[in-house]
Amino acid sequence: MSEKRESDTLKQQREARKQFLELKKMQNGEMESGPKPSEVAIVPKTPKEKLQNIWFHDKWYIIGFLALAIAVSVMVAQCANRKNYDLKVVIYTQNAIANNTETMEEYFSSLCDDINGDGQSLVQVINCSYSENSNNTQQMYTVSTKLQSIIATDADALLFIVDENSYKYFNNISEDFFADEPIPLNQDFYKKCDTDKIFKLPENLLIGCRKVTNTTISKNKMSKEYFKASQKILEKIKQSN
């Protein structure tokens, strides 16, 4: 038993001396130290370990890809749900109109041709009305800026609903802003569009078509088509009076 213990002791001493000599050689540059334990690659074996390894090394790429995929999905959904309008009707009155414009859109859509060829007739109503007695200068400025932008750039926004005061406003801008004298919106319009029991539409509203010739929107290749379609809507309103 004592011989075995002595043998184990000698073996441990030899191993310790060997490690000591190797360490000495490493310090003197006579022997490469080899990789540190932290530098030794741990090869993932199980599916869980492989997934964890991919996430550790590429998580920012994965997060970026997912964010991009979500953004693209949202954009595609918005485009799919976006309505392709044929014309626009602008409400610009100095008597605020709080009514929902959906009934007006249905009314004018029923009078409009399918200009873009998508198989349906759709008209968008843009509400730029405000109260002339309001002290909200920010709202008035916002409405004015929005109106100016539409007049300057939107070739498909030729029909304007006005009251007496806003009609005078347009005449002050230009005596020939409208191609012809605006016509009254008839009882058929009020019957179909004035459906809100609380917020009633102002009486004696007019609708007119702005001219295209010698304006910034005349450069749009579809401006003549928009003008013809707008004139057709006015003619249908006249006939229903």
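The following legends describe close-up views of a predicted model.

**Figure 1. Overall fold of the protein.** The secondary structure consists of 7 helices and 5 strands. Along the sequence these elements follow the pattern α-α-β-α-β-α-β-α-β-α-β-α. Of the 241 residues, 29% count as buried. Among contacts between residues at least 6 apart in sequence, 71% join residues at least 24 apart. The protein exposes about 17100 Å², of which carbon and sulfur atoms supply 53%.

**Figure 2. The largest nonpolar core.** This core has 31 residues, and those with the most contacts inside it are Met104, Phe108, Leu185, Phe189, Ile207 and Ile237. Elements that give two or more residues to the core are the strands β1 (87-92), β2 (123-127), β3 (157-162) and β5 (206-209), together with the helices α3 (102-109), α6 (187-193) and α7 (223-239). Helix α7 provides the largest share, 5 residues. Apart from this core lies another, of 17 residues, which includes Tyr92, Ile126, Ile150 and Phe170.

**Figure 3. Surroundings of Phe189.** Beyond its neighbours within four places in sequence, Phe189 is in contact with Met104, Tyr107, Phe108, Asp194, Leu201 and Leu205. One of these residues, Asp194, also meets Lys200 in a salt bridge, at 3.8 Å from N to O. Asp194 counts as buried at 16% relative accessibility, whereas Lys200 counts as partly exposed at 48%.

**Figure 4. The salt bridge between Asp156 and Lys88.** The closest N and O atoms of this pair are 3.7 Å apart. Asp156 lies in the loop between α4 (137-153) and β3, and Lys88 in strand β1, so the pair ties together parts that are 68 residues apart in sequence. Both Asp156 and Lys88 are buried. A network of salt bridges links Lys88, Asp154 and Asp156.

**Figure 5. A salt bridge within helix α5.** A search of the whole structure finds 7 salt bridges; one of them joins Lys168 and Glu164, with the closest N and O atoms 3.7 Å apart. Both residues lie in helix α5 (residues 164-173), separated by 4 residues, about one turn of the helix. Lys168 is partly exposed, at 45% relative accessibility, and Glu164 is exposed, at 58%.

**Figure 6. The cysteines Cys112 and Cys128.** Cys112 is buried, with a relative accessible area of 6%. Cys128 is likewise buried, with a relative accessible area of 1%. A search of the whole structure finds 0 disulfides.

How values were computed: Residues are numbered from 1 along each chain as its sequence is written. This is a predicted model: local features need pLDDT of at least 70, side-chain atom pairs count only at pLDDT 80 or more; totals for chains, interfaces and linings use all residues. Side-chain values use heavy atoms; hydrogens and water are left out. A disulfide is a pair of cysteine sulfur atoms within 2.5 Å. Buried means under 20% relative accessible area, exposed over 50%, partly exposed in between (1.4 Å probe, protein chains only). Contact means heavy atoms within 4.5 Å. Accessible areas come from the Shrake-Rupley method with a 1.4 Å probe; for residues, only the protein chains shown count as cover. A nonpolar core is a set of buried Ala, Val, Leu, Ile, Met, Phe, Trp, Tyr and Cys residues joined through side-chain atoms within 4.5 Å. A salt bridge is a side-chain nitrogen of Lys or Arg within 4 Å of a carboxyl oxygen of Asp or Glu.
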